[in-house]
Amino acid sequence: PAADPFHAIGGLRYLTVRVDDLDRVVERATARGGALVMGPLEIRPGVRLVVLHDPDGNAIEVVQEPA
């Protein structure tokens, strides 16, 4: 259900994309109708992630790791 937090729901339900500039991806996605659902979070030193919803409500996890 949409009322549950993203991380509380089990199962395969999103795509993960690795990027070089997480902040730029979030900026572009939200400017085009996407929504920030979770993050940005630093899950390990230098590894950041967000979860976005595209305009259709599909979840996309976006991760940036050090070069």
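Visitor: In which strand does Val19 lie?

Guide: This is a predicted model, in which local features need pLDDT of at least 70 and side-chain atom pairs count only at pLDDT 80 or more, while totals for chains, interfaces and linings use all residues. Residues are numbered from 1 along each chain as its sequence is written, and side-chain values use heavy atoms, with hydrogens and water left out. Helices (H or I, at least four residues) and strands (E, at least two) are DSSP runs numbered from the N terminus, and on that basis Val19 lies in strand β1.

Visitor: Is Val19 buried or exposed, and with what relative accessible area?

Guide: Buried means under 20% relative accessible area and exposed over 50%, with partly exposed in between (1.4 Å probe, protein chains only). Val19 touches Val25, Val62, Val63, Gln64 and Glu65, not counting residues up to four places away in sequence, where contact means heavy atoms within 4.5 Å. Val19 therefore counts as buried, its relative accessible area being 16%.

Visitor: What is the order of the strands in the sheet?

Guide: Two strands pair if DSSP finds at least two bridges between them. The 4 strands make an open sheet with mixed pairing, in the order β1-β4-β3-β2. Because β1 (14-19) and β2 stand at the edges with a single partner strand each, one side of each is left without a neighbour in the sheet. From one strand to the next the twist averages 20°, with axes being lines fitted to C-alpha atoms, for helices over the stretch in contact, and angles running from 0 to 180 degrees between N-to-C directions; the order asked for is β1-β4-β3-β2.

Visitor: At about what angle to β3 does helix α1 run?

Guide: Helix α1, residues 22-31, lies across β1, β2, β3 and β4. Strand β3 is itself mostly covered, with 5 of its 7 residues buried. The angle between helix α1 and β3 is about 10°.

Visitor: Which residue of β3 is the bridge partner of Leu41?

Guide: Strands β2 and β3 pair in the antiparallel sense over 6 bridges, and they form a hairpin with 2 residues between them, where Gly46 in the turn has a positive phi of about 85°. The bridge partner of Leu41 in β3 is Leu49.

Visitor: Which residue in β4 does Leu49 stand opposite?

Guide: Strand β3 (residues 47-53) and strand β4 (residues 59-64) run antiparallel and are joined by 6 bridges. Their hairpin has 5 residues between the strands, and Gly57 there takes a positive phi near 90°. In β4, Leu49 stands opposite Val63.

Visitor: With which side chain does the side chain of Glu61 make a polar contact?

Guide: Glu61, found in strand β4, is buried yet has no salt bridge, and the nearest side chain of opposite charge, Arg18, is 7.0 Å away. Here Lys and Arg count as positive and Asp and Glu as negative, with His and the chain ends not counted, and a salt bridge is a side-chain nitrogen of Lys or Arg within 4 Å of a carboxyl oxygen of Asp or Glu. A polar contact is a pair of N or O atoms within 3.5 Å; within protein, one must be able to donate a hydrogen and the other to accept it, and residues adjacent in sequence count only if both atoms are side-chain atoms. For the side chain of Glu61, at 2.6 Å, the partner is the side chain of Thr16.

Visitor: Which residues does a cis peptide bond join?

Guide: One of the two residues, Pro40, is found in strand β2, residues 35-44. The omega of the cis bond is about 5°, and the residues joined are Gly39 and Pro40.
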